[in-house]
Amino acid sequence: YQFHHLLPDFNAVENVELPQLIQGASFADARARAEGLLTALGLGARLTHRPSQLSGGEQQRVALARAVGNRPT
């Protein structure tokens with residue numbers, strides 16, 4: 001499936017940091033973690049791109065970063 005439930009009005013880093021903010025992380029911590037995860041997944045140059053500007057594989061990596069952003073068990 002190629003639909004990753006990314007929010008189309010938010011860029012990659014915002015999509016990753018939003019769940020962290022909802023869970024109570026500070027903006028600075030959420031931003032740093034989101035940028036770090038996306039950079040580690042090879043998307044450091046695509047942080048400010050919206051989902052429609054990303055390939056399917058890049059969208060998958062953003063969704064993966066979002067999924068592990070809150071450090072699930």
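Predicted model: local features only at pLDDT ≥ 70, side-chain atom pairs only at ≥ 80, totals over all residues.
The protein contains three helices and zero strands, and the order of elements from the N terminus is α-α-α. The C-alpha atoms occupy a box of roughly 30 × 25 × 25 Å along the principal axes. Of the 73 residues, 32% are buried.

On the α1 side, the contact is formed by A12, V13, E14, V16, E17, Q20 and L21. On the α2 side, F27, D29, A30, R31, R33, A34, E35, L37 and L38 take part. Sorted by class, the residues of this contact comprise nine nonpolar, one polar and six charged.

The pair formed by α1 and α3 has another geometry. Here the axes come within 8 Å and cross at roughly 25 degrees, which makes α1 roughly parallel to α3, given that angles under 35 degrees are classed in this way. The crossing of α1 past α3 is right-handed. Helix α1 contributes A12, N15, V16 and P19 to the contact, while α3 contributes V62, A65 and R66. These residues divide into five nonpolar, one polar and one charged.

The remaining pair joins α2, which spans residues 27–40, with α3, which spans residues 56–68. These helices pack at an angle of about 135 degrees with their axes 9 Å apart, and α2 is therefore oblique to α3. The crossing of α2 and α3 is right-handed. R33, L37 and L38 of α2 meet V62, A65 and V68 of α3. By class, this contact holds five nonpolar residues, no polar residues and one charged residue.

N15 sits in helix α1, which covers residues 12–22. With a relative accessibility of 3%, N15 counts as buried, because the cut-off for that class is under 20%. Apart from neighbours within four places in sequence, N15 is in contact with L6, L7, F10, P51, V62 and R66. Of these partners, V62 and R66 also belong to the α3 side of the contact between α1 and α3.

F27, by comparison, is a residue of helix α2. Its relative accessibility of 48% places F27 in the partly exposed class. Once residues up to four places away in sequence are set aside, F27 touches E17 and L21. The C-alpha atoms of F27 and E17 are 8.1 Å apart, with a sequence distance of ten residues. E17, L21 and F27 are all listed in the contact between α1 and α2.

The loop between α1 and α2 contains Q23. At 60% relative accessibility, Q23 counts as exposed. Along the chain, Q23 and N70 are 47 residues apart, yet their C-alpha atoms are separated by 7.9 Å.

Finally, the backbone deserves a brief look. Most residues other than glycine have a negative phi. H5, which is not a glycine, has a positive phi of about 60 degrees. This residue is found in the segment before α1, and at 57% relative accessibility H5 counts as exposed. R71, also not a glycine, has a positive phi of about 55 degrees. R71 lies in the segment after α3, and its relative accessibility of 59% makes R71 exposed.

Notes: Residues numbered from 1 in each chain as written. Heavy atoms only, no water. Axes fitted to C-alpha atoms, helices over the stretch in contact; angles between N-to-C directions. Helix = DSSP H or I, 4+ residues; strand = E, 2+ residues; numbered from the N terminus. Parallel < 35°, antiparallel > 145°, perpendicular 65-115°, else oblique. Left-handed = near helix turned anticlockwise from the far one by under 90°. Contact = heavy atoms within 4.5 Å. Nonpolar A, V, L, I, M, F, W, Y, C, P; charged D, E, K, R; others polar. Buried < 20%, exposed > 50% of the residue type's maximum accessible area, 1.4 Å probe, protein only.
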